[in-house]
Amino acid sequence: MKHTRLRKNKYTWLGLALIAMCMWSASLAGAQSAPGNASTFSADEIIKKTEQLMYPNSKTDMKLESTYNGKIELYSFTSYARDNNQKIIVRFTAPASMVGSDLLMLDRNVWLYDPKSSREMKIPANQSFGGTGFSYGDILRLNFSDNFTASILSENADSWVLNLDAKLRDAPYHRIELTVSKQFYILLGKCYSRSGDLVKTMEYSKIADVGGGLKPLVVRVSSPLDPKEYSILTIVKESPKTYALNIFNKKNLSARMEEK
Amino acid sequence: MLIIKLAVRNIFSHLRKNIIIVSVTAIVSFFLFLFLTFSDGEIENVKKGVSSFYSPRADAYIVHKDFRSLQYKSESDDSAESTAFPVSTITEIVQHIEGVKEVFPTYWRVAADMFVEGEKYLDFGIVGIAQDDSNLLSKFKVIDGSEDWYKADISALTPILVHKTLKNTTNIKAGDELTLVGNDIFNQITTKKGYIAGFIDPLQDNVNMYNMMLIPNTHYASYIGYSNEEANKIFVRYKKGIKDKDILPRINESLKEAGLDLDVYSEQEEMHNDPWLMVFKLIRIIVVVATLLVLFITAFGIMNVTSTNLAERKKEIGTYYCLGTEVPFLMSLYTLEIFVVNFAGSCLGIAFGLIGRVIINALKITSSNPGFLIVVGGSHLYLGLSLSTIMWILGGISILTILTALTTLGKGLRVSPVVAIKETEQ
C-alpha cells in the first residue's frame, strides 16, 4: 500500500495549521462528513466508508439513459439492496417491455425473471444490460470490498486514487482505478481488463442528497473502445431501509414480498 | 433345394412380368438410396466442416477427475478453476508414448465482440487452434495471409483469422488492428489486442462459420482467463492403426507414475454437445420417415402385383394341389419367388444409386449461397455412404415383401383343385 505521509518538521507546522483551518472551514461550509486524511484511513477503510455512503441498505429509484449513435433508450427501475450491494432486487418500471423482467443478485450470481415463462434464469453478471454500456454486474455488483483488494495509489487534498485488484478470477473487472473524494464518494472509476486495457470509465457527478446522504447522483459510463456509446445512470430517490434477508431469493422475483 | 429350383424356374417362366417388378423396385430403391446418401452427405459435410471447428474430436481425452461429473451437473462455471491442471507436464509425458501422434490442450468456447477502426462487430465465436492440431489446420485455407499465421509469439499482437465473407461485407482488411472484448470463462470482462492475419476459406463452409474467428491456442488461453500453463482438457490423437486398448492403459500408467491422478477416456465415452450435428441427425430421421412412407406405398404395389399374379396362375396352383402339394409349401414357394424378385430389384436400384453417387460426387457441385450451405450442410454437394443406408433399403424392401406376400398369399392360394383342373381342360 502506498501511503503518503506528511513529514513533520518545524518548517511545516505553519502549513499544517493552515490546512487544518481550511478543512475546518470546509466542514463548517456543509460537508457531509469529516474529510479523511492519509494518516487516518487505510485503503480498506476508505472502501468500506465509500460503500456505506454509496451503497446503503435502501430502496432506490433510478433512471438509466443509454445513447448509441445519437439514439437514446430510457429505463426506470427501483432497487432494493442490502449488505453493500451483495443482495439486490431490481424491478423495472419502464419501458413497458421491461416491466416484470426483474433481476436478483445474490452474492456473485445474477438471475433474471422472465414473466412470459414465469421462470428465473441465471445470467452472466457481465452481460450487457439491455444493450447499454452497463452490464448487470455494474448495476448489481458494485461491491468493491468483497471482490477487490484495495491499495492507495496517490492522494491529494480532495481525493484518493485507489487501486482495486480482483481477489478472485470471477470479479467483474481485473482491476479498477477508483478516485474517491475525501467525503467518501466516488468521483471516477476506470475499469481495466487482465490485459491492461481500459474497458470502461465511470464518471460520477451532481452531488446532492435525495434521501441517502450527500453523494453523486449521476454516473456516466463510457468506453474508449466505442466512443459513440455511453450510458447515464441517475439516482432519483433513495429511502434507507434494511429489508429482511428472506426477500432476497429467486421465488420472490414473482412474489414481490418487499412491496407488502 | 426343390423349393429354390421351383422358385427360380417360376421366375424365368414369368420373365416379362418379373422384369417389370424388378424395374419398379429398382427405381424405388434408387431414389431411396439417393435420398439417404444425400442425408449421409449432409452429416459428413457437417462433421468435416462446422463441427470440426466448434466441436472437435480426438481419439482420447485427459481431464481432471471431477471434470466430467461437474460437466454432467452443468456446473461448468464453477468448475473452470477447480478442474484446471498443468498443461506442459502432461503433454510432455503423453507425447513420448509410442503410438501418440498429437497432444494439445483445448478450452471452453467463449464469444467476443470485435472493435476495428471505431466499428463494432458483435458476437463472434472464437476457436483456439493448437500448433499441433493438424486436423483442424487442414480444414481451411488462408486468404490474404500466411499459412503460418498461428505461430505468433504470445507477447506479440494476437493474429486473428476471420471468415472470408467479412472481406466482402465489411471494411475489414488484412493487417487491421483490433480489440476483442468479451467475458472470460470466469465471467470477468476480458480484452485482447490483435490484428487481422487473413481470412478463413473453409474447405467445407457453413453459414454458422460466418461469425467464427480463429486465434492461436496460447493467446486464446489467456483471453479466456487461464494462464499459459492451465487447461481443463487435453486432446490425444493416435497414429494410424493404433487402438484404444493398445494405448489408453499406457497413458494412464505414465500419468500415475508421474503422480498425476487424472481421468483418461476414449472418444466412445465422450459426450459431444454438437448442435449442428444434432440438426442434421434430426433431418436424417425425417428422411428415414419419408422413406418409410415410400416403402409403405410400395407395399400396396407389391400386394397388388402378388394377388394379380396369383389370380393368373390358378392353373399352376391347382396342378400343385393335384400333385399333393400342401399350402405351407406353396406359401414358402411364392414368398421366396416374390422375395427374390424384389431383392434383385433392390440390389439393382442400389447399384444404379452407387453409379449415380459416383457421377454426382465427380461433378463437384459447389456453391457459397447461404441456402445451399444450409441444405447441403457444407459448400460441396456430397452424397455420402453408410452401411445403415444400404441395410435400410435392402432390409426394408425384404421385410415388406415378406409381410405383404404372407398377407396376400393366403387368399390367392385358396384355389380348389377341381377348379384348377377345369381351367386346364378349357
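In this predicted model, the side chains of B:Arg237 and B:Asp133 meet in a salt bridge, with 2.8 Å from N to O. B:Arg237 belongs to strand 12 (residues 233-238) of chain B, while B:Asp133 is found in the loop between strand 5 (119-129) and helix 7 (134-137) of chain B, so the bridge ties together parts that are 104 residues apart in sequence. B:Arg237 has a relative accessibility of 9% and therefore counts as buried, and B:Asp133, with a relative accessible area of 4%, is buried as well.

Over all chains the structure holds 29 salt bridges. Another of them joins B:Arg68 to B:Glu269, where the closest N and O atoms are 3.4 Å apart. This pair also links distant parts of the chain, because B:Arg68 sits in helix 4 (residues 67-72) of chain B and B:Glu269 in the loop between strand 13 (262-266) and helix 11 (275-311) of chain B, 201 residues apart. B:Arg68 is partly exposed, with a relative accessible area of 25%, and B:Glu269, at 44% relative accessibility, is likewise partly exposed.

In chain A, a salt bridge is formed by A:Glu120 and A:Lys251, whose closest N and O atoms are 3.8 Å apart. A:Glu120 lies in strand 6 (residues 119-123) of chain A and A:Lys251 in the loop between strand 13 (229-240) and helix 5 (252-255) of chain A, so parts that are 131 residues apart in sequence are tied together by this pair. A:Lys251 counts as exposed, with a relative accessibility of 57%. Elsewhere in chain A, salt bridges that share partners bring A:Arg82, A:Asp83 and A:Lys87 into one network.

The nearest side chain of opposite charge is that of B:Lys164, at 4.2 Å, whereas a salt bridge requires the nitrogen and the carboxyl oxygen to be within 4 Å. The side chain of B:Asp205 does make a polar contact of 2.8 Å with the side chain of B:His163. Leaving aside neighbours within four places in sequence, the residues in contact with B:Asp205 include B:Tyr210, B:Leu373 and B:Ser379, along with B:His163 and B:Lys164.

Turning to the rings, the structure holds 19 aromatic pairs over all chains. In one of them, B:Phe30 and B:Phe31 have ring centres 5.3 Å apart and planes at 75°, so the pair is edge-to-face. B:Phe30, at 22% relative accessibility, counts as partly exposed, and B:Phe31 is also partly exposed, with a relative accessible area of 46%. B:Tyr107 and B:Tyr220 form an edge-to-face pair too, with 6.2 Å from centre to centre and 75° between the planes. Here the partners come from distant parts of the chain, 113 residues apart: B:Tyr107 is in the loop between strand 3 (100-106) and strand 4 (111-116) of chain B, and B:Tyr220 is in helix 9 (residues 217-223) of chain B. Both B:Tyr107 and B:Tyr220 are buried.

Ring pairs also link B:Tyr61, B:Phe104, B:Phe235 and B:Tyr265 into a cluster.

How values were computed:
Residues are numbered from 1 along each chain as its sequence is written. Chains are lettered from A and ligands numbered from 1 in the order in which they are written. This is a predicted model: local features need pLDDT of at least 70, side-chain atom pairs count only at pLDDT 80 or more; totals for chains, interfaces and linings use all residues. Side-chain values use heavy atoms; hydrogens and water are left out. Buried means under 20% relative accessible area, exposed over 50%, partly exposed in between (1.4 Å probe, protein chains only). Lys and Arg count as positive and Asp and Glu as negative; His and the chain ends are not counted. A polar contact is a pair of N or O atoms within 3.5 Å; within protein, one must be able to donate a hydrogen and the other to accept it, and residues adjacent in sequence count only if both atoms are side-chain atoms. Contact means heavy atoms within 4.5 Å. Rings of Phe, Tyr and Trp (its six-membered ring) pair if their centres lie within 6.5 Å; planes under 30 degrees apart count as stacked, over 60 as edge-to-face and the rest as tilted. Helices (H or I, at least four residues) and strands (E, at least two) are DSSP runs, numbered from the N terminus.
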